Amino acid sequence: MSGQEDEYYYDRSMFFKELSQSIERNKLSTNVLFSNYLNDFKDIVQHNGLVHEEMNIVCQLLCTVDLSVQNFRRILLTLVPEEPSIPHDICEELIVWALSAYRQNVNDTTKAQCILYWILYVVEEKLTNMDIIDKYYKVLFHLCNYQNLSQPIAGIIYCLTKSDDVQNWMITCCKNIIEGSKSEPYLNKLLTFFESPNLMNNTRQKGLFDCNNTFYKELACGLRSVRKELMNIHPQSTHTQQLIEYERKSSYTFYSKIQFVDVNNKFEFPSTEELAKSFIKECSSNNSLALLGSVSGWFKLLMNNDKKLNLQQRFSNNLYHSLDQIFLSNEVNVKSSQKSKFLNEILEFQKFAHRGLAAVNIFIFQYIISWDGIENSRVIYELFEYLTFTSEEELKNSFLEKLYAIFITGDELIYRMVINSLTNLLCNLYFNSKQTRSNKNCTLFGEELREETEFEIVKCLTKYISHWCSICIYNYPQEEQLKHTVYTFFEKVSVLENLKPTIWPIWTIMPPSVFYNGLMSVNIYWLDRLSRLMLRHIKFDTNRIEDIAESPSILRMLQLFDMYMADFFNALHTGVLFDKREEGFIFKSLNEEEVEKDFKIVNLNVCFQMEKHIALAPYYMNAEHTVEDPLEDLLRTEAPNLHMLIFMLNQNLQNDTENDISTS
């Protein structure tokens, strides 16, 4: 019975853990459960495929462990990708291993033959970066006459060959091999291909170099099913094809379109602009979404404003239509891994451009209505960071109000992701407002806004995030990671609001729930970090607001900040927090009778004084009998910002007292 239970619980993760251990000990596992699972696993893979991490483990096993031919073939049959994109380093490592091992012994020759057939089917289905395999073109060609390797190699050469590759010596070499052997039908096919330039521009025929062996039929079936299943997801949709077709385009025709004119026996070369236009037009296919897959594609999108080509507009239309079909209307059925990959490509392009795409804006505003806040959460929250808005109303109505429903019903993790995403969004809006857009004709990012509109959007977003931070601390007052996210927001916004050359009339300070949570924290780290931010406010913001103090909102912030500092100083330093409650905020509305009734044991004046503060008391008691002034030594070593803030507030109080005396 126990054996049946073990077999029931033997799963995919255990299988790959066993493979990893086999690599470490350089010997394949003899575990019965492992062997049984391996026999059935190829059937599972034929339909689902492996993710990149799993493929890497299988590749390492094949290249490093001395397997029998039977086990080598069984494991190679599992090397089928989940997506139509095998990492090029896996393909290259297998080619290098095959080229280094094929001459060692009979078994290794057979294994190398298996690898090369696998490479052939990968090349036929274009499941990896073709340039990686193409660089071994000549090395592979010279193995066309080597025993059992010649058939798969002839197939690989057939798939990779371009018209410029064929040279006379290659044709001669093929003829010599054919003459020296009794029957080489596949080399006859390759020779016919070399001698017929017209065939070079035709689509290469699949299966032309297949082997009738049962193993190779299974190997071909697994890899060909990857492309076949993806193409059959929604065959009538051209947009599905746009998402999954990333074909390598040969470059030999690019320059044939450029005309060099002979004027007075001198060549007149085209200008840089004409050269670039010619290149871009030739390599810009109708599948504009394919440009998301590479840095060169990003450059083409950002730099090409040719009205005839209309590339940017076509890309925006195709992008939104594809997002709508896959995520909103669900007209196209796509695997979750493909959805995630598509969103990641969009995100990487936006990071590269450091701006949000107009098409993505529209999609996000619609998607967030039904989004649960969890599916594809990492990439969606990062996409939020590059949103742009045309007005304050659009920010509130189309985004923040819908996001609030997800935020307020979420847990601490959702709180952190939302605040972090909005903080980064605010940073991007600030930075983009400080720089002018160099390309006025770029249609990817929507319309350019006036500075007044940008200011209203930033001001509104800052206000919302500040309020949501207050909710975070109210619901989770002791969560350290959440407090870090909240403090990071206020620290960043303090820097942003002082960015030159144009400084907007805005000042953001912590709401009371956040400030007093730090003041009364049990951890000295938060008390010191709070002090550091308050010091920054005193050094930069209080001087800055003298020029904009006429704004009622700024005056309210200044009054609130003065009350914070009064409570901070009276609580920590002087021990008169309650007696001087009128100067501060937290106990301002309490009267003495209520305090005597409800706080008979606790003395509100001294409970947060530095010698008794719960965050400082343990340090203070340890150092009380070891140094002459334990509190001073404690503050200098453990909380230098707190020490500096108390000193600065004390100096300001003394200066104010001296000024009052001199005036009177």
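These entries record what I looked up in a predicted model.

I kept to the numbering from 1 along each chain as its sequence is written. Local features in this predicted model need pLDDT of at least 70, side-chain atom pairs count only at pLDDT 80 or more, totals for chains, interfaces and linings use all residues, and side-chain values use heavy atoms, with hydrogens and water left out.

**Helix α2**

I looked up α2, residues 12-25; helices are DSSP runs of H or I, at least four residues, numbered from the N terminus. The 14 residues of α2 reach 20 Å from first C-alpha to last, close to the 20 Å expected at 1.5 Å a residue (1.5 Å times one less than the number of residues). Which residues of α2 are buried? They are Phe15, Phe16, Glu18, Leu19 and Ser22; buried means under 20% relative accessible area, exposed over 50%, partly exposed in between, with a 1.4 Å probe and protein chains only. These residues cover an arc of only 150 degrees around the axis, so they sit on the same side of α2 (the arc is that of the directions from the helix axis to the C-beta atoms). On the other side of α2, I found Ser13, Lys17 and Glu24 exposed.

**Aromatic pairs**

I noted 49 aromatic pairs in the whole structure; rings of Phe, Tyr and Trp (its six-membered ring) pair if their centres lie within 6.5 Å, and planes under 30 degrees apart count as stacked, over 60 as edge-to-face and the rest as tilted. Phe215 and Tyr216 make an edge-to-face pair, 5.0 Å centre to centre with 70 degrees between the planes. Phe215 is buried at 8% relative accessibility, and Tyr216 is buried at 2%.

Methods. Helices (H or I, at least four residues) and strands (E, at least two) are DSSP runs, numbered from the N terminus.
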